Structure formats: C-alpha cells, structure tokens
Amino acid sequence: MLLDSISEDAHGIYWPRLMTLTDWSNQTSSDRYRPRPSWCYGTPGVTRAIQLAALALQNSNWHEIAAQSLLSLLSIPLGEMGIQDASLCHGWAGLLHMVRACNHVISDDRLTDFSHRIAERILSELDEEAPFGFRAAMLNVPQGADVPGFLEGATGISLALESYATDSSHPDWEMCMLIA
C-alpha cells in the first residue's frame, strides 16, 4: 500500500500533493498536477522518505522507485518547476539539499550535475542589496520579503549551500527536516 499513490506524467513518476480518503481507497488521485519539487511534500521529499524506508527494510524495489522518481525531475526545465525563490522550504535550496541527500544513496552523475545547476540558480538569486542576501517569495510582497530564518530565509539557504560547497553528507541541521 505504501506506493499505491504513484502518479505519472510525461516526465515520469511522482506523488500527488494530496489524496482524499476516497482516492486512497480507490488507489487513484483526483490531483492530476505534479507539485513543485519541495522537500516537504514534493517528489524529492517523498522520494527521500521512501528511500529511508527502503534502507531500513532493505527493499530493493523501493530503492528503484525512489531513484526513478528523483530522476524524473531531470527532464523538467528549471524555469517550469514552479519554484519561486531560493528558500529551503519550497525553494531551490530545499531541492538542492534533497537531491544531494538522495544521491548519496543513488550515486548518479546526472543528479550530481543537476545539483550543480540548482546551486548556480540559487546563487543567481543572490541580491547584494537585500539585508540577508536573498528575498523570500511572499503573498502581498511583490519585491519579496527579507527573512533571516531557517525554512524561508537566508539561514536555510546558507546551510544548504554550505553543505553543497563542502560536500557534506547528512549535516546535523537536516535532522529537523526528518530526512536523516
């Protein structure tokens, strides 16, 4: 039952943003759109959860599904992913960190190259005029918000970039994201 909610589009497999109880019992989903690739509910986050379960239960089928789902992101142009800022929660830093965390197990050069492209995208959003270097996309704040915090601000972005730059695997700070 764990993997019954897999959906598929032209890019490959993914998990829907939500499923009703009826969807789950009918093994279907009324949500037909791939969510943005976030650590909390998007393909990378679900992929990591399945990957951790596969490691714990030594299930090779789940390992393969996790790899396929993450690799499905490679065919989506970065500009079409729906990511609006560099943040850890729903932004480029979260995607970067999740791809790297999963790829420590998958070990695919394509995902390593993808990580480099994501890191470049994050750095392209650096705003030297912003108090914390990056602005968070927020409703009713067209210019972006200056946020120093972990999930939506400069702290999370900095931690993801530092882990990327030093090639750190499983830094202590990621435990609060439940991906370690």
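User: Which residues touch the most other members of the largest nonpolar core?

Analyst: In this predicted model, the largest nonpolar core has 32 residues, and those that touch the most other members are M81, W92, L95, F114, I118 and I122. The elements that give two or more residues to this core are α3 (60–71), α4 (92–106), α5 (109–124) and α6 (154–165).

User: And which element gives the most to this core?

Analyst: That is α4, which gives nine residues to the core. As general background, nonpolar side chains tend to be buried together in soluble globular proteins.

User: What does W92 touch, if I skip residues up to four places away in sequence?

Analyst: With those neighbours left out, W92 touches L78, M81, I83, D85, A86, S87, I118, R121, I122 and E125.

User: Which residues are in the second core?

Analyst: The second core is separate and has seven residues, among them A54, W62, I65 and A66.

User: Back to α4, how far apart are its end C-alpha atoms, and what should the span be?

Analyst: The 15 residues of α4 should span 21 Å at 1.5 Å a residue, and the end C-alpha atoms are 20 Å apart, which agrees with that expectation.

User: How many residues of α4 are buried?

Analyst: In α4, 13 of the 15 residues are buried, so this helix is largely enclosed by the rest of the structure. After α4 comes S107, whose phi is positive, near 55 degrees.

User: Now α3, which of its residues are buried, and what covers them?

Analyst: The buried residues of α3 are W62, I65, A66, A67, S69 and L70, and what covers them includes β2 (12–14), α2 (43–57), α4 and α5.

User: What is S69 in contact with, leaving aside neighbours within four places in sequence?

Analyst: S69 has its place in helix α3 and is buried, with a relative accessible area of 0%. Leaving aside those neighbours, S69 is in contact with I13, W15, T43 and T47.

User: Where is S7?

Analyst: S7 lies in strand β1, which runs over residues 7–9, and S7 is buried, with a relative accessible area of 9%. If residues up to four places away in sequence are not counted, S7 touches G12, I13, Y14, P16 and S29. The C-alpha atoms of S7 and L78 are separated by 21 Å, and these two residues are 71 residues apart along the chain.

User: Is P131 buried or exposed?

Analyst: P131 counts as exposed, because its relative accessibility is 56% and exposed means over 50%. P131 is found in the loop between α5 and β3 (136–138). From C-alpha to C-alpha, P131 and A154 are 9.6 Å apart in space, while in sequence they are 23 residues apart.

User: Changing topic, how many cavities of 30 Å³ or more are there?

Analyst: The structure holds one cavity of 30 Å³ or more, and about 30 Å³ of space lies in the largest cavity.

User: Which residues line the largest cavity?

Analyst: The largest cavity is lined by D85, A86, S87, F134, R135, A136, V147, E152, G153 and I157. Sorted by class, its lining has five nonpolar, two polar and three charged residues.

User: And how much space lies in the largest pocket?

Analyst: About 160 Å³ of space lies in the largest pocket, which is lined by R100, N103, H104, L111, T112, S115, H116, Y164 and D167.

User: Which element gives the most to the lining of the largest pocket?

Analyst: The elements that give two or more residues to that lining are α4 and α5, and α5 gives the most, with four residues. By class, the lining of the largest pocket has two nonpolar, five polar and two charged residues.

Technical notes
Residues numbered from 1 in each chain as written. Predicted model: local features only at pLDDT ≥ 70, side-chain atom pairs only at ≥ 80, totals over all residues. Heavy atoms only, no water. 1 Å grid on protein atoms, 1.4 Å probe; cavity = no way out; pocket = protein on both sides within 12 Å on 5 of 7 lines; lining within 4 Å. Points joined across faces, edges and corners; volume = space filled by probe spheres on them. Nonpolar A, V, L, I, M, F, W, Y, C, P; charged D, E, K, R; others polar. Core = buried A, V, L, I, M, F, W, Y, C linked by side-chain atoms within 4.5 Å. Buried < 20%, exposed > 50% of the residue type's maximum accessible area, 1.4 Å probe, protein only. Contact = heavy atoms within 4.5 Å. Expected span 1.5 Å × (residues − 1).
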